[in-house]
Amino acid sequence: MTQALNRRALLLEGTRDTVPMLVGAAPFGVIFGTLAIAAGLSSATAIGMSVLVFAGSSQFIGVSLIGAGTALPVLWLTTFVVNLRHALYSATLLPFARDWPLRWRWPLAFWLTDETFAVVEHRFRTKGAEGGQWYWLGSSLAMYGNWLLWTVVGVSLGQSLPGLANLGLDFAMGATFAAIVAPQLKRRPALGAAVAAGVVAMLGRGLPYKLDLMLAVLAGGVSGLLLEQLARRKEQST
Amino acid sequence: MNHWLAISGMMLLTVLIRASFLVFGQRLTFPGWLNRALHYVPPAVLSALVVPMALAPAGTVDISLHNAYLPGIIVAALVAWKSGKTLLAIVVSFVVYGLWRWGLLPG
């Protein structure tokens with residue numbers, strides 16, 4: 001009985017600590033649903049993507065590539081590269097979750113987003129991971145339910161504005177990406193990574209297999225690392 | 001393209017990456033430089049998609065008054081940078097784009 005109460009308390013706590021993230025994710029859910037319809041996905045596939053993939057940035061990029069008729073291997077390679085950072089989250093949380101049964105670790109891994117990682121990692125680091133699977137589950141279910149709800153809202157919006165595609169779908173994509181990326185560029189290495197990626201993408205326009213995208217990502221990663229290294233060296237020398 | 005096939009592949013890759021360490025343990029290790037480089041991937045991908053859209057929306061470089069994408073996307077980035085409000089940035093940029101394309105410069 002007390003254990004059941006304790007579980008429920010942890011579940012609720014995980015949900016509550018995730019509320020600010022829910023508010024932040026909501027507009028992206030709406031925009032994703034709207035853009036997915038405008039890019040030619042059916043409402044079933046648009047919602048299906050949120051149900052099955054459940055990864056904001058790669059869903060946006062995926063819809064834009066699908067809309068452009070990109071070949072499947074390129075779409076999948078891009079998804080892989082964009083999501084690779086989640087492996088870091090997975091590694092960071094492993095020490096806390098090592099002894100949990102697989103029936104816990106698989107679903108929690110499926111739901112491991114940037115937001116839930118931030119909330120759960122903070123909690124485990126500061127308060128320990130005792131009973132943490134319930135806390136993590138609470139955060140995961142909140143993020144998942146929220147994402148599905150706002151995707152559905154966006155999909156209905158996309159369907160009630162059938163003119164959106166003609167009204168400048170390309171532009172909507174571009175504006176969304178610009179608005180997502182700009183606030184991330186306040187640190188100099190990130191800005192350098194973005195500039196390098198943008199320049200390479202311009203120069204490599206039209207290369208086959210979207211190689212331009214892969215080269216741009218490579219250039220961005222290398223530039224970010226180099227600038228980070230430079231900043232560190234400068235700090236040490238002063 | 002088969003959209004369900006595309007989505008299934010995306011799902012498989014995403015869940016396998018997330019499950020990597022949690023489910024399959026610490027047999028995989030990342031060198032430190034790769035750890036850090038991965039944080040630059042999302043801004044790099046987004047910029048790689050946005051920059052050509054702004055500067056060459058029809059495939060060839062177009063830095064002229066007829067390119068409504070350029071002012072629109074610059075405004076989206078600036079508003080998001082200043083306010084941190086994504087939705088606001090998108091709405092404002094749409095107004096700028098619409099005015100530029102259909103208001104100020106007909107044809």
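**Ground rules.** I am working from a predicted model, in which local features need pLDDT of at least 70 and side-chain atom pairs count only at pLDDT 80 or more, while totals for chains, interfaces and linings use all residues. Residues are numbered from 1 along each chain as its sequence is written, chains are lettered from A and ligands numbered from 1 in the order in which they are written, and side-chain values use heavy atoms, with hydrogens and water left out.

**Entry 1, chain A overall.** I looked up the secondary structure of chain A and got eleven helices and zero strands. Helices here are DSSP runs of H or I with at least four residues, strands are runs of E with at least two, and numbering starts at the N terminus. The C-alpha atoms of chain A fill a box of roughly 60 × 60 × 30 Å along the principal axes. Of the 238 residues in chain A, 54% are buried (under 20% relative accessible area; exposed is over 50%, partly exposed in between; 1.4 Å probe, protein chains only). I then took contacts (heavy atoms within 4.5 Å) between residues at least 6 apart in sequence, and 76% of those in chain A join residues at least 24 apart.

The contact takes six residues from domain 1 of chain A and five from domain 2 of chain A. The two domains bury about 440 Å² between them, 90% of it on carbon and sulfur atoms. Buried area is the accessible area (1.4 Å probe) that two parts lose on being put together, summed over both. On the domain 1 side, Val74(A), Thr78(A) and Val81(A) lose the most area, together 62% of what that side buries. Helix α4 (residues 72-83) of chain A gives the most to this side, with four residues. I sorted the residues of this side into four nonpolar, two polar and no charged. Nonpolar covers Ala, Val, Leu, Ile, Met, Phe, Trp, Tyr, Cys and Pro, charged covers Asp, Glu, Lys and Arg, and the others, Gly among them, are polar. I searched this domain interface for salt bridges and found zero (side-chain nitrogen of Lys or Arg within 4 Å of a carboxyl oxygen of Asp or Glu).

**Entry 3, chain B against chain A.** About 6,800 Å² is buried between the two chains, 79% of it on carbon and sulfur atoms. Arg18(B), Leu22(B) and Tyr40(B) supply 14% of the area that chain B buries against chain A, more than any other three residues. The count between the chains is one salt bridge. The side chains of Arg36(B) and Glu228(A) meet in a salt bridge at 2.8 Å, N to O.

Thr18(A) counts as buried because its relative accessibility is 0%. Not counting residues up to four places away in sequence, Thr18(A) touches Val119(A), Ser139(A) and Met143(A).
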